[in-house]
Amino acid sequence: MPQLIEIQDHGPIRELKLARPPANALDLALCTALHEAMDTAIADGVHGIVLAGGPRLFSGGLDVPYLLSLPDTASLREAWGAFLSVARALAAAPVPVAAAIGGHAPAGGCVLALCCDYRVMASGPYRIGLNETQVGLIAPDGIQRVMRRTIGARQAERLLVGGLTVESGEALRLGLVDELADIEDVPLRARDWLASLLALPRAPMLETRAIARADLIEAMSEQHIQLDRFVDSWTAPDTQAGLRALVSRLGR
């Protein structure tokens with residue numbers, strides 16, 4: 001079994017780097033490995049986590065060819081459930097998490113980043129966003145809530161309905177990311193932000209953070225995601241056509 005998560009400690013901060021080349025596409029194994037690495041980090045008592053990816057591709061999102069190859073609805077539900085579970089783990093982490101977005105972050109990659117506390121993205125022609133409608137998928141209510149929480153209702157509607165991704169400079173302007181950095185400096189800047197937060201009195205910072213992020217955790221709850229409904233829509237003709245067109249463009 002290849003190592004799917006590269007782990008590096010920087011004092012009280014642990015960096016978890018997605019390591020499933022070439023695109024860090026999120027399948028059951030990668031999502032499970034990331035969730036386990038998160039659990040281990042918390043159990044080890046780290047004070048902050050950096051979620052990294054790249055280079056040039058933070059994560060290409062869910063592994064669509066893999067999902068299309070699954071034999072039945074139960075397998076599909078398990079795969080989507082693993083992705084949502086790790087997204088919820090990021091949202092509900094008891095310590096701050098900074099996303100080091102070293103490249104493109106469409107779809108599921110964007111969702112993982114949005115569930116973090118802070119997002120540092122590589123400057124340049126890298127894109128981020130939720131392109132679900134362009135490939136025949138519906139962004140669940142909970143994911144839409146997370147996007148609205150981050151960039152406001154009007155801009156969220158524009159990006160979500162059009163399935164749009166935006167380049168890093170526009171992402172910063174919209175508030176979709178918090179900071180831009182040269183691609184080689186992205187993880188360092190994420191650690192620097194965490195270090196500044198960890199310098200604050202610990203208990204008040206963590207308790208204030210928990211209050212501030214309660215709406216994010218609620219948005220990611222099953223009540224607002226409705227996984228069964230989402231999986232049921234997977235076989236719709238428009239969805240299947242859009243997904244297979246995506247696979248054809250990917251050459252897989």
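Colleagues, residues are numbered from 1 along each chain as its sequence is written. In this predicted model, local features need pLDDT of at least 70 and side-chain atom pairs count only at pLDDT 80 or more, while totals for chains, interfaces and linings use all residues, and side-chain values use heavy atoms, without hydrogens and water.

I begin with the whole protein. It contains 13 helices and 10 strands (DSSP runs, H or I of at least four residues and E of at least two, numbered from the N terminus). Its radius of gyration, taken over C-alpha atoms, is 17 Å, close to the 18 Å of the globule rule for 252 residues, so the protein is as compact as a globular protein of that length; the rule is 2.2 Å times the number of residues to the power 0.38. The C-alpha trace spans about 55 × 40 × 35 Å along its principal axes. Of the 252 residues, 51% count as buried, meaning under 20% relative accessible area with a 1.4 Å probe, protein chains only.

I turn now to one helix pair. The axes of H1 (residues 28–43) and H3 (residues 73–91) come within 9 Å and cross at roughly 30°; axes are lines fitted to C-alpha atoms over the stretch in contact, with angles from 0 to 180 degrees between N-to-C directions. The two helices are therefore roughly parallel, a term for angles under 35 degrees. Contact, that is, heavy atoms within 4.5 Å, involves residues including Leu28 and Met38 of H1 and Phe83 and Leu90 of H3.

How values were computed
Parallel < 35°, antiparallel > 145°, perpendicular 65-115°, else oblique. Buried < 20%, exposed > 50% of the residue type's maximum accessible area, 1.4 Å probe, protein only.
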